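Colleague: Could you walk me through this model, one feature at a time? I'd like to know how to read each one.

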Amino acid sequence: DCHSMTSSLASSSSVMSSATSLMEYGFDFRETMKRDSVGKTTVMLRNIPNNYTRELLIELLDVHGARPSYNMVYLPIDFASNAGFGYAFVNFVAQKEAEAFMDRVQGFRSWSVSSEKVLEATWSSAHQGIESHIARYRNSPVMHASVPDEQRPALFKDGVRIPFPTPTKKLKAPRPRNEAGSA
(Lines give C-alpha, C1' and ligand atoms only; values in the text may rest on other atoms or scores of the structure.)
Protein backbone atom coordinates (compact mmCIF):
# COMPACT_ATOMS: atom_id res chain seq x y z
CA ASP A 1 0.00 0.00 0.00
CA CYS A 2 0.94 3.64 -0.38
CA HIS A 3 1.75 4.28 3.30
CA SER A 4 4.20 1.39 3.62
CA MET A 5 5.82 2.36 0.32
CA THR A 6 6.23 5.95 1.54
CA SER A 7 7.76 4.87 4.87
CA SER A 8 9.97 2.41 3.02
CA LEU A 9 11.19 5.21 0.73
CA ALA A 10 11.76 7.51 3.72
CA SER A 11 13.72 4.75 5.42
CA SER A 12 15.78 4.11 2.27
CA SER A 13 16.48 7.80 1.91
CA SER A 14 17.76 8.12 5.51
CA VAL A 15 19.90 5.00 5.04
CA MET A 16 21.40 6.49 1.88
CA SER A 17 22.16 9.85 3.55
CA SER A 18 23.83 7.95 6.42
CA ALA A 19 25.66 5.86 3.85
CA THR A 20 26.94 8.94 2.03
CA SER A 21 28.31 10.51 5.22
CA LEU A 22 29.81 7.17 6.29
CA MET A 23 31.67 6.73 3.00
CA GLU A 24 34.00 9.40 4.40
CA TYR A 25 35.03 6.74 6.93
CA GLY A 26 35.97 4.28 4.23
CA PHE A 27 32.84 2.13 4.19
CA ASP A 28 31.65 1.30 0.67
CA PHE A 29 27.96 0.80 1.27
CA ARG A 30 27.17 -0.50 -2.18
CA GLU A 31 29.43 -3.48 -1.43
CA THR A 32 28.23 -3.78 2.17
CA MET A 33 24.56 -3.63 1.14
CA LYS A 34 25.14 -6.44 -1.37
CA ARG A 35 26.87 -8.56 1.27
CA ASP A 36 24.32 -7.83 3.98
CA SER A 37 21.39 -8.63 1.70
CA VAL A 38 22.99 -12.00 0.98
CA GLY A 39 23.62 -13.01 4.57
CA LYS A 40 24.11 -12.21 8.20
CA THR A 41 27.22 -10.53 9.57
CA THR A 42 26.48 -9.70 13.23
CA VAL A 43 27.29 -12.25 15.91
CA MET A 44 26.05 -12.05 19.48
CA LEU A 45 28.44 -13.53 22.03
CA ARG A 46 26.79 -14.67 25.26
CA ASN A 47 28.13 -15.79 28.65
CA ILE A 48 31.06 -13.36 28.66
CA PRO A 49 32.46 -12.82 32.18
CA ASN A 50 30.98 -9.65 33.67
CA ASN A 51 34.45 -8.27 34.46
CA TYR A 52 35.58 -8.59 30.82
CA THR A 53 36.52 -5.37 29.03
CA ARG A 54 36.23 -4.45 25.38
CA GLU A 55 40.03 -4.70 25.09
CA LEU A 56 40.00 -8.26 26.49
CA LEU A 57 37.21 -9.12 24.05
CA ILE A 58 39.21 -7.70 21.12
CA GLU A 59 42.21 -9.80 22.26
CA LEU A 60 39.96 -12.87 22.24
CA LEU A 61 38.74 -12.01 18.72
CA ASP A 62 42.30 -11.54 17.48
CA VAL A 63 43.65 -14.72 19.12
CA HIS A 64 40.88 -16.63 17.34
CA GLY A 65 41.84 -15.22 13.94
CA ALA A 66 39.05 -12.68 13.55
CA ARG A 67 41.22 -9.64 12.70
CA PRO A 68 40.77 -7.97 10.19
CA SER A 69 37.38 -9.61 9.52
CA TYR A 70 35.37 -7.59 12.06
CA ASN A 71 34.38 -3.94 11.70
CA MET A 72 32.42 -3.31 14.91
CA VAL A 73 32.76 -4.53 18.50
CA TYR A 74 30.39 -3.57 21.31
CA LEU A 75 30.42 -4.93 24.86
CA PRO A 76 27.52 -3.28 26.75
CA ILE A 77 28.47 -2.12 30.26
CA ASP A 78 26.28 -1.21 33.25
CA PHE A 79 27.22 2.41 33.88
CA ALA A 80 26.36 2.20 37.60
CA SER A 81 28.46 -0.88 38.44
CA ASN A 82 30.96 -0.69 35.54
CA ALA A 83 30.33 -4.41 34.95
CA GLY A 84 29.51 -6.00 31.63
CA PHE A 85 26.06 -7.46 31.01
CA GLY A 86 27.65 -10.74 29.85
CA TYR A 87 27.10 -10.36 26.11
CA ALA A 88 28.63 -8.53 23.16
CA PHE A 89 28.00 -7.81 19.48
CA VAL A 90 30.63 -8.26 16.79
CA ASN A 91 29.93 -7.36 13.19
CA PHE A 92 31.97 -9.07 10.48
CA VAL A 93 32.67 -7.91 6.93
CA ALA A 94 30.98 -11.03 5.49
CA GLN A 95 28.86 -13.95 6.62
CA LYS A 96 31.59 -16.46 5.77
CA GLU A 97 34.01 -14.84 8.25
CA ALA A 98 31.28 -14.60 10.91
CA GLU A 99 30.41 -18.28 10.54
CA ALA A 100 34.06 -19.35 10.69
CA PHE A 101 34.58 -17.30 13.85
CA MET A 102 31.42 -18.71 15.46
CA ASP A 103 32.67 -22.23 14.78
CA ARG A 104 36.08 -21.44 16.33
CA VAL A 105 34.77 -19.89 19.56
CA GLN A 106 31.61 -21.89 20.29
CA GLY A 107 32.10 -23.42 23.74
CA PHE A 108 35.22 -21.33 24.52
CA ARG A 109 35.99 -21.26 28.26
CA SER A 110 39.69 -20.33 28.62
CA TRP A 111 39.00 -16.75 29.73
CA SER A 112 41.83 -14.42 30.71
CA VAL A 113 39.92 -13.81 33.98
CA SER A 114 38.63 -16.38 36.45
CA SER A 115 35.26 -17.64 35.15
CA GLU A 116 33.35 -20.88 34.64
CA LYS A 117 31.26 -19.37 31.84
CA VAL A 118 31.03 -21.14 28.47
CA LEU A 119 30.86 -18.85 25.43
CA GLU A 120 27.88 -19.15 23.13
CA ALA A 121 28.02 -17.56 19.67
CA THR A 122 24.72 -16.93 17.83
CA TRP A 123 23.39 -14.59 15.17
CA SER A 124 22.20 -11.26 16.53
CA SER A 125 18.44 -10.99 16.25
CA ALA A 126 18.29 -7.27 17.09
CA HIS A 127 20.59 -5.77 14.44
CA GLN A 128 22.44 -7.10 11.40
CA GLY A 129 25.04 -5.27 9.34
CA ILE A 130 27.37 -2.35 9.98
CA GLU A 131 24.87 0.30 8.81
CA SER A 132 22.31 -0.96 11.31
CA HIS A 133 24.80 -0.68 14.19
CA ILE A 134 26.02 2.76 13.18
CA ALA A 135 22.43 3.97 12.87
CA ARG A 136 21.61 2.40 16.24
CA TYR A 137 24.56 3.86 18.18
CA ARG A 138 25.71 7.12 16.59
CA ASN A 139 22.91 9.11 18.31
CA SER A 140 22.68 6.85 21.36
CA PRO A 141 23.39 8.02 24.92
CA VAL A 142 26.24 5.46 24.96
CA MET A 143 28.15 7.85 22.66
CA HIS A 144 27.71 10.82 25.06
CA ALA A 145 30.94 12.60 26.08
CA SER A 146 30.46 11.42 29.70
CA VAL A 147 30.78 7.75 28.64
CA PRO A 148 34.37 6.44 28.67
CA ASP A 149 35.63 5.23 25.29
CA GLU A 150 36.08 1.68 26.66
CA GLN A 151 32.29 1.46 27.18
CA ARG A 152 31.34 2.53 23.65
CA PRO A 153 31.01 0.56 20.43
CA ALA A 154 34.25 0.58 18.43
CA LEU A 155 34.58 0.58 14.64
CA PHE A 156 37.43 -0.95 12.65
CA LYS A 157 38.58 -0.94 9.05
CA ASP A 158 41.08 -3.57 7.92
CA GLY A 159 41.86 -4.38 11.56
CA VAL A 160 42.58 -0.77 12.57
CA ARG A 161 40.34 1.24 14.90
CA ILE A 162 38.62 4.18 13.20
CA PRO A 163 36.48 6.97 14.68
CA PHE A 164 32.76 6.44 15.08
CA PRO A 165 30.73 8.81 12.88
CA THR A 166 29.76 11.95 14.75
CA PRO A 167 26.20 12.19 16.10
CA THR A 168 23.64 13.98 13.99
CA LYS A 169 21.83 15.39 17.05
CA LYS A 170 22.58 16.48 20.62
CA LEU A 171 23.14 13.41 22.79
CA LYS A 172 21.58 12.85 26.19
CA ALA A 173 23.70 11.39 28.99
CA PRO A 174 22.87 7.74 29.68
CA ARG A 175 20.67 6.81 32.61
CA PRO A 176 21.84 3.86 34.72
CA ARG A 177 19.64 0.81 34.23
CA ASN A 178 17.16 -0.14 36.92
CA GLU A 179 19.05 -2.31 39.45
CA ALA A 180 16.10 -4.70 39.81
CA GLY A 181 16.16 -5.39 36.08
CA SER A 182 19.88 -6.13 35.75
CA ALA A 183 20.09 -9.29 37.87
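Modeller: Axes are lines fitted to C-alpha atoms, for helices over the stretch in contact, and angles run from 0 to 180 degrees between N-to-C directions. Helices (H or I, at least four residues) and strands (E, at least two) are DSSP runs, numbered from the N terminus. This is a predicted model, where local features need pLDDT of at least 70 and side-chain atom pairs count only at pLDDT 80 or more, while totals for chains, interfaces and linings use all residues. Residues are numbered from 1 along each chain as its sequence is written, and side-chain values use heavy atoms, with hydrogens and water left out.

Colleague: Which strands does H3 lie across?

Modeller: H3 lies across E1, E2, E3 (87-92), E5 and E6, and runs at about 145° to E2. Helix H4 (residues 95-105) also packs on the sheet, where it touches E1, E3 and E4, and its direction makes about 155° with that of E4.

Colleague: What is the strand order in the open sheet?

Modeller: In general, strands of a sheet pair through backbone hydrogen bonds, either parallel or antiparallel. Two strands count as paired if DSSP finds at least two bridges between them. Here 6 strands form an open sheet in the order E4-E1-E3-E2-E5-E6, with antiparallel pairing. E4 (120-123) and E6 stand at the edges with a single partner strand each, so one side of each has no neighbour in the sheet. For the E1 and E4 pair there are 4 bridges, and Leu-45 has Ala-121 in E4 as its bridge partner.

Colleague: Where is the cis peptide bond?

Modeller: Most residues other than glycine have a negative phi, and most peptide bonds are trans. The cis bond joins Arg-67 and Pro-68, with omega about 5°. Pro-68 sits in the loop between H3 (54-63) and E2 (70-74).

Colleague: What is the phi of Asn-47?

Modeller: Positive, about 70°, although Asn-47 is not a glycine. Asn-47 is in the loop between E1 (42-46) and H3. Its relative accessible area is 34%, so it is partly exposed (buried means under 20%, exposed over 50%, partly exposed in between, with a 1.4 Å probe and protein chains only). Asp-158, in the loop between E5 and E6 (160-162), has a positive phi of about 55°.

Colleague: Is Arg-152 buried or exposed?

Modeller: Arg-152 is buried, and lies in the loop between H5 (130-137) and E5 (154-157). Leaving aside neighbours within four places in sequence, its contacts include Arg-54, Tyr-74 and His-144.

Key
Lys, Arg positive; Asp, Glu negative; His and termini not counted. Salt bridge = Lys/Arg side-chain N within 4 Å of Asp/Glu carboxyl O. Contact = heavy atoms within 4.5 Å.
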